[in-house]
Each structure stands twice: as structure tokens, then as C-alpha cells.
Amino acid sequence: MLTTDFVTGAPTWLDLGSPDTQGASAFYGAVFGWQTDSAGPDAGGYGFFKKDGRTIAGLGPLTDEGASSAWTVYFGTTDADATAREVEKGGGTVRVEPFDVMEAGRMACFTDPGGAEFAVWQPGTVKGLEKVMDPGSLCWAELHTADPTAAKAFYRGLFDWRSADMKTPGMVYTVLATADGEDQQEAAFGGVVPFRGDDETPRWIPYFGVEDVDAVVTDTQGSGGSVLIPAADVPDVGRMAWLADPFGAPFAVIKPNPPATAA
């Protein structure tokens, strides 16, 4: 379960890189009811998605040439520089060297050996997201990869994650948990899914909790987004769908069963 009492290795931040931040703001406002606030004149166009006055995620313009619109999941670290060294040692790539974000914290961006992009956040004055698990906020992070075994070993070297494999129809799903916490199930925050086709892309996908998946699908289509995987019920998990915003950034929504509660 995600909480705002952030521990090492847990998802602590999330942001969207978009070629049209105003268009993205309008889309997510229509779909989730988020508001957008600027981070200030020195932030290079970066801002914050908020709901009920609390930060849901970040939003910024694309800065790399040829980059595609995408969500990036940030995992907590106490030492971004040490994590960067471990990424290289484990066969990953440092795309953006660790740097200070004013007094807010220190971050770095990586690509794992399988090709999935992610980032880390070393907190300063900003500890992380202010709202998780509630409807319209982050509730799960899922890695899609061609080699789950290699991926688990790589991230275990970075964050000492625990994992548990679950047999599901047609595949083995791995549930990930932080190293902290006596109850591994309570410390779970995401999963690993093996590719089931030749045209899949390695990536981390954020899941947002919602009260009505079908209504969100309808609002997504009505606001210029698209449906990647139609809404469907997954036994003992909930109802979910994969969507994309008008600029191509994929994300997922879920109504958990039983319902998730904020911690």
C-alpha cells in the first residue's frame, strides 16, 4: 500500500512530460478533476497537478529531443548519487546525472537494463506526493518487461525490494514490496508483468484509483484520449482499464476490490 510516510524504494513522486502542458492540464482536469499550479517563474514551466489542495503529480514540458509524452515514476532514495552508481553497476543507464532541484530535493533519471525508464527522488524540503490511494491519485506502479527475473534482480540491487510471485491465467504476476515493514503485503506498492506479445514496450505504468472505471473511460474518450485496453474485471483485484492522454502518454485506472483506503 502506498502512503505519504515515504520509505526508501517506495514510489514517492510522479510526473508527466508533455509536449502541450496546457492541453494536458485540461485533459486531466476533465478526467480526474485535477487543478494545475505553476511551480514558479524559475521552474522552467514545471507545475503540479493537485486535488483538494494536495499534490497528485508533477507536470512539465518535454526537454529531450525526440522524447515522447510519458509518465515517470520516482522511487525514494537517501542518496541519489549512490543509487546512480548502483544503476550502472547493475547494467542500467544513467540518463540524467543526479542534480539538486533547488532546495526541494535531489533527483536522477535512469533506464533499467530492460529498457524501462524511471527516476529517483532524494527528499529535501519536498518529501513526496501529498495524496495517494484516494480516488484520483496514484495507487500502484507496474513494470512491464521482457525479462521479469532480470528486472527483479536489478531493482533488488538498488532498493532491496521484496517480491512474491502469483500465478494468474496465462502468466506469473510478481508483487513488489519495499524492504521496510514487517508485513510484506502491507508494504506492497506495485508489480512486474512479463511481455505477452512481440510489440510491447518496456515501461513503468502508474495506476490511478477511481470510483467508476467506465465513467473515466468515457471521459477520456470525450476529452481526446484513447483506450489502450478496454475496461475489464480482474477477479480478486478489481475493474481496470489502460488509457492514453491526447498526447500519447499511457496510464491505467482501477477500482480496487476490495476498495483501497488512504494511509
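Tutor: In this predicted model, Arg95 is partly exposed, with a relative accessible area of 32%. Arg95 forms a salt bridge with Glu117, and the closest N and O atoms of the two are 3.6 Å apart. Glu117 belongs to strand 8 (residues 117-123) and Arg95 to strand 6 (residues 93-101), so this pair ties together parts that are 22 residues apart in sequence. Glu117 is likewise partly exposed, its relative accessible area being 42%.

A further salt bridge joins the side chains of Arg106 and Asp100, with an N to O distance of 3.0 Å. Here Arg106 is buried, because its relative accessible area of 19% falls under the 20% limit.

Lys152 and Asp165 also form a salt bridge, their closest N and O atoms lying 3.1 Å apart. This pair links distant parts of the chain: Lys152 sits in helix 3 (residues 148-159), whereas Asp165 sits in strand 10 (residues 162-168), 13 residues apart. The two partners fall into separate accessibility classes: Lys152 counts as buried at 15% relative accessibility, while Asp165 counts as partly exposed at 49%.

Beyond these pairs, a network of salt bridges links Asp52, Arg54, Lys131 and Asp134. In total, the structure holds eleven salt bridges, among them the pairs Glu117 with Arg95, Arg106 with Asp100 and Lys152 with Asp165.

Methods:
Residues are numbered from 1 along each chain as its sequence is written. This is a predicted model: local features need pLDDT of at least 70, side-chain atom pairs count only at pLDDT 80 or more; totals for chains, interfaces and linings use all residues. Side-chain values use heavy atoms; hydrogens and water are left out. A salt bridge is a side-chain nitrogen of Lys or Arg within 4 Å of a carboxyl oxygen of Asp or Glu. Helices (H or I, at least four residues) and strands (E, at least two) are DSSP runs, numbered from the N terminus. Buried means under 20% relative accessible area, exposed over 50%, partly exposed in between (1.4 Å probe, protein chains only).
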